[in-house]
Amino acid sequence: MEYDPASESAPDISGRGRSRGFSALRYKFENLFKSRDLYLGLFGIIAFVGTWHLLTGVLTLPRFEKLPNPVAVLTEFTSRHPVFGTSIYAPQYYLHILWSVWRIIEAFFLATLLGVPIGLFMGWKKVFKDYTFPILEMLRPIPVLAWVPLAILMWPGREAPIIFLAFLASFFATILNTLLGVESIDESYFRAARCLGSRPRHIFFRVVIPGALPFIFTGLQIGMGVAWFSLVAAEMLSGEYGLGYLVWDSYVLIQYPVIIIAMVTMGVTGFLFSLLIRMVGNALMRWTVREAT
Amino acid sequence: MTDKSSTKKFAGTNSAAPSGDGRIEISNVTKIYDPGGVNVCAVSDCSFDIEAGEFCVVVGPSGCGKTTLLNAIAGFHSISDGEIRLDGDVLCSATKMAEPGADRMVVFQNGALFPWCTVLKNVMYGPSVQGRMTSHQARAAALDILRELGLSEIGDAYPNEISSGMRRRVEIARALINDPKALLLDEPFRALDALTKGVAQEFLLQAYDRMKKTVFFITHDLEEALFLGTKVVIMTTRPCRVRKMITVDLPRPRTYKVRSSKRYLELKREVFDAVHEEALKAFKAGERELA
Amino acid sequence: MADEGGIQEPRETNRVWHKGLLNNQEKVAIETANEGSGKMIVDSLGKTYGSGPFRQYILRDCSFVLEEQKLTILIGPSGCGKSTLINILAGYEEADSGTATLDGAPVGEPNKDRLVVFQETALFPWMTTLGNVTYGPRVQRNRPKDEIETEALGLLEKVGLEEFRDKYPIQLSGGMQRRAELVRAMINNPRVMLLDEPFRGLDAMTRELMQEHYVRLFEERRQTTLFVTSEIDEAIFLADTLLIMTNGPGRIKKSIPIDMPWPRTPDMLTSMEYLRYKEEALDLLHEEALKAFAADNKIAADFLEAYEATKTESVSASR
Amino acid sequence: MKSPNSSSLKKLFNKIFSKAVLRGIVAIVFSIAFWETASRFAFPLFAFVPPPSIVLSVVGESFGSLVFWENWTSSFGRVIFGFVIAQIIGIPLGLLMANNRNIHGMTFPIFEILRPIPPLAWVPASIIFWPTTELSIAFVIFLGAFFTIVINVLGGAKSIDARYIRAARSLGSNRSDMFFRIILPAVLPSIFTGMAVGMGITWEVVVAAEMIAGKSGLGYYTWESYVGGNFPRIIVGMISIGLAGYISSSMIRLIGKRSTPWLRLF
């Protein structure tokens, strides 16, 4: 098999062009089942889980024996009376998810509400950017997780510091991408708008905002990712509920299968959130569906 | 607004601001850039007039400063010396920069249709932000002009969904709906392939024959210049000044057939000789700069 | 792969090459010894993309001949399948029906006998000009390194790029990039050169100068060439034979032999002879262009997307 | 010739102290002044935050101590160890995935499942599996950088312009030419992008992992300062971490620039 990147790009099409009508959809759907990738992927996942089971459950090699094996995890997860109290039937499990999700929503909305307007304004008014950008650049290299102790000092209670950390991570990503988005708008759009007789507010609402939208959504997606990232760490360090806390608590209490359940739940929830943002973005930006020929 | 002008106006432009004649006088314009302390003279002592309703094509090697001139008229750049007048009023001078406005519409080199608006919304944009029509009127006017130019089918498409040739047509429509005094086009067909370009040029000619606006058209394509223009102004390579002015006396309306007429060839030879030398100079200068 | 003649022959050319302009006798001598010039016969090629509701003919019953040492120009509206044709001839894609033969042998895998100069530029951005030009002979490993370099430098000098040998493509102007790419192909002495709108995207004036440059280069080597363009003046100015292609499905509508003397000079562009050719070609093409323009609608867009998906698959399947 | 030197010096001066730079300086000075007053007068949120003047006095003390610098080296050591292993495994794997459709088909879904799991969630599992804390921290760091580099290399390799591949095939490249002279340089910019992003994640991870489970390192230093009630040292720790992260990513950018000279315009 010789190298050819083009052969790999075929599946990429599926994300674009949803407005193409039913026949196109069916065409793609048929293609999906014809494609080798689906079966390969299934095979890969089965092989992965199988190897994991073989190493931890069957062969019980040294070191591996300590890890929970997939069967144990699955039993726990689907049991009506879970040994360690975490399964799809346990309200406790959903409580943890809800806590994490609620924190993320709070942090993310705050970050979006603040970050997008500030970013837009920074891109639009050079003077404002001159004053604010250096401060941002000073703070940005500090990893969000290095803020943990300071956050605990600054904010009262348990809840506020955790949300603050998730907010901070998401805020930087949002603000920077929004700024980048405004700056990447081609000068000729501004010129065209001006020569069509726009007043400044027209330019802001009809050029700056829609023009920056693709970058804003990239920023929101990245922001969501890093918010999860920091949330987990913050919950591990100082939480009472939440998935991050669940992972750490299960470790401390030697309830190892629960660790895996919590990890997978985090992955799935994080993925669903970024999917949601992508869907909202696509719905708002129909014009990016097909790029120039 | 009921003045019976001899040229046909597009539907929907009736309520537009009173449109003057659109005579542009460019006198002794000089533009010096100063990036990093090196004085670059882009335009030097350049003067010529464009009569009202004239189709003036400016030809010169790329990077010779034609665009600087256009930007000065449109109000995107200042000039260092001289002045430009529109219908006798000073548009810009050494001390005053022109304000971009709806009386001078620009069509850009790479196209500047807002990709986030449908074709219809793009065309409506001008009238609705200028506040001279309600959005309802603007919509009706935009639909009218699209229909007249044969673009009504694509009203709901986004610019990314139509071909580049089509995009240029829409952009011209977006400019015309504002009933400008002058139309400034900056190599609008540059990125099109030759055959699409031909069709787009014919489209522009049709529109011009209908409304007889003053047109300031920049290109470095001789064929295009001769095919479209009433007057061809040939510029020298940097610094930009007028080298030669040729009146194209080909009859209008023109179709692609003109391109294989005898007179066209004679004119082409004339222009070719004038330009070729400049092109070579520019080419060499460009390579020297890179080396 | 390694046929003796192919190895010997470039040296032969090489020696005379540096003398600059050749007199006619010498040129004939080279031409007869020159295997770097083949005859390509394309017979009723057909190609479809897509399946089900998206099945569409790109090429249908497309036939023509590339005569030895002639410059054949293919002109047609955009989207008429010109690039697909080039891809098939170069061996990047396979035709569904019909045959293409080079000197009697059917074309197969891409190799240095059929070299493509791509639209825009496909110089490797990570190699210097010299690195790009010498890439072919170096990886073919049949000539000593210093010989390759001398020839490359000679060619670069001919196109005025000797000063730019150590520059990367991004540092060259558009016109220079095209010249470098022409040289990168020429140095391999392909039997057929396939040029896919090589001057597209250049501004009109640079383009004219490039054409004059190209005419001189072609005159000296006279490699069989298929040159795709959509610019009518360029086509008539350069062509020995002008092929006019129709819009979807692509086939050759007419073949016009251009009977103007070589070497071509810019002032031929204003001769009456030229005018006649132009009139003929324009009439045919204008019709095609309008058709292509009218076809530009949603359906075309639908098709295009599905087509992209299958095209990439067929590329990989062809191997 | 009227002293071109002085005029160019003036230009340089103007360039360095342009309006934007001056504004930036004003902004930073102002925000530090605000921080100082806010801490001094115990504004809401700032009640326990030490003011910059006190932090400054602690900086000298910290810089003088050997233990502080040992924290630097141990953090750096961990980062480099995990990061380098991630590159060594990740880059070839990414290329392999791009090259071979079967491998891609089998491994890509697994990546897509594992990638959304935040690296820090791996910490407990890592501690259970690896015999020493040091190794488990290194493993988590490795994971952070690993996914990023693989995804970037894969993306880079897939987006190579097909014309380069085609041209190279026509010109007669064999497999090794194709790999070393075409694919590798074409992917190089993406590799460095992946490295730069991965380095950022690596520092996030190392700090958190040290706070959770470490016995040394800058993250541990910061956390210990908090637990020990030495608040100014928290700020010193944060600044140090920021600085360390900045140095690391600058190094990668520098190496990246050096290795891809063809991306420089002049």
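Which strands of chain C does helix α3 (residues 82-90) lie across, and at about what angle to β1(C) does this helix run? In the predicted model, helix α3 of chain C lies across β1, β2 and β4 of chain C and runs at about 120 degrees to β1(C). Contact here means heavy atoms within 4.5 Å. Axes are lines fitted to C-alpha atoms, for helices over the stretch in contact, and angles run from 0 to 180 degrees between N-to-C directions. Helices (H or I, at least four residues) and strands (E, at least two) are DSSP runs, numbered from the N terminus.

Residues are numbered from 1 along each chain as its sequence is written, and chains are lettered from A and ligands numbered from 1 in the order in which they are written. Local features need pLDDT of at least 70, side-chain atom pairs count only at pLDDT 80 or more, and totals for chains, interfaces and linings use all residues, while side-chain values use heavy atoms, with hydrogens and water left out.

The sheet of chain C is open and consists of four strands in the order β2-β1-β4-β5, with antiparallel pairing; two strands pair if DSSP finds at least two bridges between them. Strands β2 (56-66) and β5 of chain C stand at the edges with a single partner strand each, so one side of each is left without a neighbour in the sheet. Seven bridges join β1(C) to β2(C), and Tyr49(C) stands opposite Gln56(C) in β2(C). Strand β1 (residues 40-49) of chain C also pairs with β4 (residues 97-102) of chain C, in the antiparallel sense and over five bridges. Within that pairing, Thr101(C) in β4(C) is the bridge partner of Ile41(C). Strand β4(C) is joined in turn to β5 (residues 105-106) of chain C by two bridges, with Ala105(C) as the bridge partner of Leu102(C). The hairpin of β4(C) and β5(C) has two residues between the strands, and Asp103(C) in this hairpin takes a positive phi near 50 degrees.

In chain B, four strands form an open, antiparallel sheet in the order β2-β1-β4-β5. Its edge strands are β2 (40-50) and β5 (89-93), each of which pairs on one side only. Neighbouring strands of this sheet are turned by 25 degrees against each other on average, direction ignored. Strands β1 (residues 24-33) and β4 (residues 81-86) of chain B pair over five bridges, and Glu25(B) stands opposite Arg85(B) in β4(B). Helix α1 (residues 66-74) of chain B lies across β1, β2, β4 and β5 of chain B, at about 115 degrees to β1(B).

Most residues other than glycine have a negative phi. Asp45(B), in strand β2 of chain B, has a phi near 50 degrees and is partly exposed, with a relative accessible area of 45%. Ile254(A) has a phi near 55 degrees and lies in the loop between α10 (243-252) and α11 of chain A; at 54% relative accessibility, Ile254(A) counts as exposed. Buried means under 20% relative accessible area, exposed over 50%, and partly exposed in between (1.4 Å probe, protein chains only).

Val144(A) is located in the loop between α5 (126-139) and α6 (148-154) of chain A and is buried, with a relative accessible area of 6%. Not counting residues up to four places away in sequence, Val144(A) touches Leu165(A), Leu168(A), Ala169(A), Ser230(A) and Glu204(D).

The axes of α9 (residues 175-213) and α11 (residues 231-259) of chain D come within 10 Å and cross at roughly 170 degrees. That makes α9(D) roughly antiparallel to α11(D); angles under 35 degrees count as roughly parallel, over 145 as roughly antiparallel, 65 to 115 as roughly perpendicular and the rest as oblique. The residues of this contact divide into 11 nonpolar, five polar and no charged. In chain A, the axes of α3 (residues 70-78) and α11 (residues 256-284) come within 9 Å and cross at roughly 75 degrees, which makes α3(A) roughly perpendicular to α11(A). This contact is made by Ala72(A), Val73(A), Glu76(A) and Phe77(A) of α3(A) and Pro257(A), Val258(A), Ile260(A) and Ile261(A) of α11(A). Ala, Val, Leu, Ile, Met, Phe, Trp, Tyr, Cys and Pro count as nonpolar, Asp, Glu, Lys and Arg as charged, and the others, Gly among them, as polar.
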